[in-house]
Amino acid sequence: MKESRLGNWLEWQTTKTKVWLYLLYGVLAALAMWGVVYENHAPHFSIDKRYIFWAGFGWVCAVVMIFVLKKIVFPILGKSEDFYGDDK
Amino acid sequence: MAMTSSFFHPSLAFIAVALLMFPMPARTWRWLILVPPLIAIAAVLNMDPGEFWHLTYLGVDMTFGRVDKLSVIFAHVFAIQSLIGFIFALHLKSKYQHIAASLYIAGGFGCVFAGDYLTLFIFWELMSVASTFLVWLNDTPSSTRAGFRYFAFHTLGGLLLLAGLLLRFGELKTFGFTYIDPGTANYYDLLILAGFCVNAAVVPLHAWLPDAYPEGTVTGSVFMSAFTTKTAVYVLARAFAGWEILAVAGVCMALYGVFYATIENNARRILSYHIVSQVGYMVAGIGIGTVMTLNGACAHAYAHILYKGLLFMSVGTILYACGTAKLTELGGLASRIPWVMICYVVAGLSISGMPLFNGFVSKTMTIAGAAESHHTWLALGMEIAAVGTFISVGIKLPYFAFWGGKPVDKVREIRPIPWNMYLAMAMGASLCFLQGIQPDLLYSLLPYEVMGAAGHGVAEVAGHAVATVGHGAASAGHVVAEVGHAAATGFGQAAPLPSHDLGGFDVGYEAWTSGHFLSSALLLGFTGLAFYHMRKIIPPHPSRNLDFDYLYRLGGNLVKWIVCAPLAAIDGVWTSVYRTVGLRLMLVVAFVSGLFDRKVIDGILDNGALGVRGIGFVTARAQTGRLQDYLAFAVIMGLCIFALIWFMA
């Protein structure tokens with residue numbers, strides 16, 4: 001059955017996380033190099049003349065967002081699952 | 001009611017099948033539910049522009065079929081998603097879910113083709129009631145309560161709309177559902193806008209959505225994710241394009257939704273918050289009101305219906321198969337349900353705007369439109385929301401649902417997934433991919449035509465053009481429509497009007513450029529890297545996050561208290577009065593009754609018995625058997641009668 005064959009392949013890949021990680025690094029490095037050399041001729045903001053700006057923007061926004069939301073906002077807003085007494 | 005051959009209202013098919021299903025046996029209605037979506041697809045593909053199906057009711061002219069390119073693009077995706085949704089729900093044994101879904105979809109089509117506010121309101125309320133049943137039919141205590149809250153909130157929204165349209169009618173003597181200029185808007189227009197904003201889940205009127213959608217049935221939430229908010233997007237585009245407040249509100253929605261989704265644990269609630277977020281892009285596009293942002297909003301609505309339906313189908317399948325949608329209770333499932341995982345990933349990449357998928361061709365259009373019309377901060381806000389979208393629904397949800405750093409879950413019992421669910425997901429995933437690699441499939445449906453040489457959504461003033469449209473309407477003569485293309489450079493100017501020509505045209509935007517590809521790939525790629533770096537911080541926790549629904553629950557409890565407190569006080573006073581006066585009065589009454597019973601009733605009964613006994617005794621004694629005694633008795637009786645007559649005379 002196709003599904004179990006695909007499932008087995010996916011299960012096998014869980015033993016190769018390093019390979020996938022290096023692959024991700026490789027792709028990101030290639031994109032970053034392209035982003036450094038390729039010029040944006042119609043930038044919307046003054047600092048996005050090189051496309052590499054979007055790599056930094058994405059990384060910084062994601063790190064700040066995760067940290068602020070999980071470490072500051074969540075402890076304030078997070079309540080127990082039965083906080084309302086009727087929703088599980 | 002006037003009917004022409006060029007228009008058939010899709011709602012009619014859905015309503016007819018909903019009514020037919022009541023008496024039908026299971027084997028028949030199971031396949032019947034696929035008929036209305038097929039009719040709807042055929043009807044939408046064969047429509048001509050114009051106005052059809054007029055009805056005069058109680059002196060009011062109602063139009064059930066206004067067809068232009070704006071209504072057609074929404075009807076187009078509604079028809080396709082209704083087919084996918086009903087295929088996904090084909091295994092259901094409960095016909096009532098299909099009936100509710102059919103009526104709900106009928107409401108959606110009715111709103112999209114409504115030419116006046118009264119018709120719109122009728123179908124608006126049909127959607128509200130039918131969708132409430134899609135929550136209730138989940139048949140759990142929490143879904144019952146959520147359904148009541150959902151219905152109460154939508155009733156409030158409906159009342160705002162009703163008040164607005166009636167007050168507007170009182171002032172303008174028309175129910176015409178047309179564009180409202182923000183410069184000349186009145187208080188009743190604001191009421192209508194508020195009613196629309198409830199259904200569009202504009203923050204802070206949004207809390208009904210993440211409250212109710214996770215409680216809906218597995219199949220019902222797929223329908224709900226497509227119709228309610230997108231119908232609201234349609235009506236906002238129709239009447240409120242270029243309203244600055246919507247531009248700001250839309251970006252707030254886009255950010256608010258992803259913030260909550262990032263800290264949420266329930267997968268269906270994460271998706272619900274992402275509806276708020278993604279509808280935010282559309283509302284922002286409508287609010288900015290240029291040709292490009294309006295087209296971007298419509299394109300995003302179309303793409304969103306497809307990928308959000310696929311997201312709800314994938315997560316619904318997890319819930320169906322595993323019995324839970326909480327990320328903390330999932331993980332290690334990728335190799336157990338791999339095709340569900342693949343369908344989810346397609347949807348997750350689509351919503352994130354990853355190149356190759358349809359979110360890329362629609363989301364970038366709205367953001368580019370905002371930036372090019374110099375709404376830099378709004379564009380930046382939407383970019384931040386794109387980052388949050390990829391974190392929460394593009395990576396976090398699938399990672400913790402299918403992997404989560406856990407070994408393969410070989411212990412969990414997984415319920416067999418019906419073939420129809422796989423088929424529906426495959427259809428949704430294929431369309432997301434096809435539109436991603438072939439954007440013209442989507443762009444050819446977009447309703448706002450770029451006029452002048454400016455391109456990129458910043459149209460030059462073209463004044464008003466009178467165009468002859470209506471191909472295929474030759475027998476009825478040409479439909480002459482005013483295709484107004486006013487200037488569209490942002491706030492303070494008239495918004496562009498949708499095209500009456502249903503054919504495709506150049507929308508002035510190219511998605512597949514090196515720049516768009518590179519910026520999207522870098523943004524999302526490095527967001528993914530950040531997720532990897534923050535993987536120790538982001539794991540979900542079993543929790544319920546406070547949102548505005550806390551306030552309306554509080555409000556509900558306050559109303560309950562306002563109603564109950566005076567009644568409780570009156571009840572307390574009454575109890576005291578009863579105890580001091582009523583109780584004693586009752587004791588007196590009881591005493592008198594007892595006395596009456598003993599002395600009167602008992603006396604009568606006792607004495608009656610004694611009398612009977614005495615009479616019997618006397619009668620028995622009188623029966624001596626001696627003739628003289630009887631004679632004496634007769635004489636005495638005769639004397640008595642004589643004395644009585646003498647006395648009476």
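Is D139(B), with 9 C-beta neighbours inside 10 Å, buried or exposed? D139(B) counts as exposed, because 9 C-beta neighbours fall inside 10 Å; a residue is termed buried if 20 or more other C-beta atoms lie within 10 Å of its own, exposed if 12 or fewer, and partly exposed in between, with C-beta atoms placed from the backbone. The model is predicted, and local features need pLDDT of at least 70, side-chain atom pairs count only at pLDDT 80 or more, and totals for chains, interfaces and linings use all residues. Residues are numbered from 1 along each chain as its sequence is written, and chains are lettered from A and ligands numbered from 1 in the order in which they are written.

D139(B) is located in the loop between helix 6 and helix 7 of chain B, where helices (H or I, at least four residues) and strands (E, at least two) are DSSP runs numbered from the N terminus. Although not a glycine, D139(B) adopts a positive phi of about 60°. A positive phi, of about 55°, is also found at W53(B), again not a glycine. W53(B) belongs to strand 1 (residues 50-57) of chain B and counts as buried because it has 20 C-beta neighbours inside 10 Å. A further backbone feature is the cis peptide bond between V203(B) and P204(B), with omega of about 10°; P204(B) is placed in the loop between helix 8 (187-199) and helix 9 (208-212) of chain B.

The axes of helix 6 (residues 117-136) and helix 7 of chain B come within 9 Å and cross at roughly 175°; axes are lines fitted to C-alpha atoms, for helices over the stretch in contact, and angles run from 0 to 180 degrees between N-to-C directions. Helix 6 of chain B is therefore roughly antiparallel to helix 7 of chain B, a class that requires an angle over 145 degrees. Residues in contact (C-beta atoms, placed from the backbone, within 7 Å) include Y117(B), F121(B) and W124(B) on helix 6 and Y150(B), F151(B) and H154(B) on helix 7. The residues of this contact divide into 11 nonpolar, seven polar and one charged, with Ala, Val, Leu, Ile, Met, Phe, Trp, Tyr, Cys and Pro counted as nonpolar, Asp, Glu, Lys and Arg as charged, and the others, Gly among them, as polar.

Helix 7 of chain B also holds A152(B), which counts as partly exposed because 13 C-beta neighbours lie inside 10 Å. The C-alpha atoms of A152(B) and M425(B), 273 residues apart along the chain, are separated by 33 Å. M425(B) is among the buried residues of helix 17 of chain B, which also include M421(B), L431(B) and Q435(B). Helix 17 (residues 419-437) of chain B has 19 residues and spans 27 Å from its first C-alpha to its last, close to the 27 Å expected at 1.5 Å a residue, the expected span being 1.5 Å times one less than the number of residues. The cover of its buried residues includes helix 4 (69-88), helix 13 (291-322) and helix 14 of chain B.

Between the chains, 45 residues of chain B are in contact with 43 residues of chain A. The largest share of the side of chain B that touches chain A, 15 residues, is supplied by helix 19 of chain B. By class, this side has 26 nonpolar, 14 polar and five charged residues. Strand 1 (residues 78-79) of chain A and strand 5 of chain B run antiparallel and are joined by two bridges; strands pair if DSSP finds at least two bridges between them. In strand 5 of chain B, N545(B) is the bridge partner of G78(A).

Conventions
Contact = placed C-beta atoms within 7 Å. Parallel < 35°, antiparallel > 145°, perpendicular 65-115°, else oblique.
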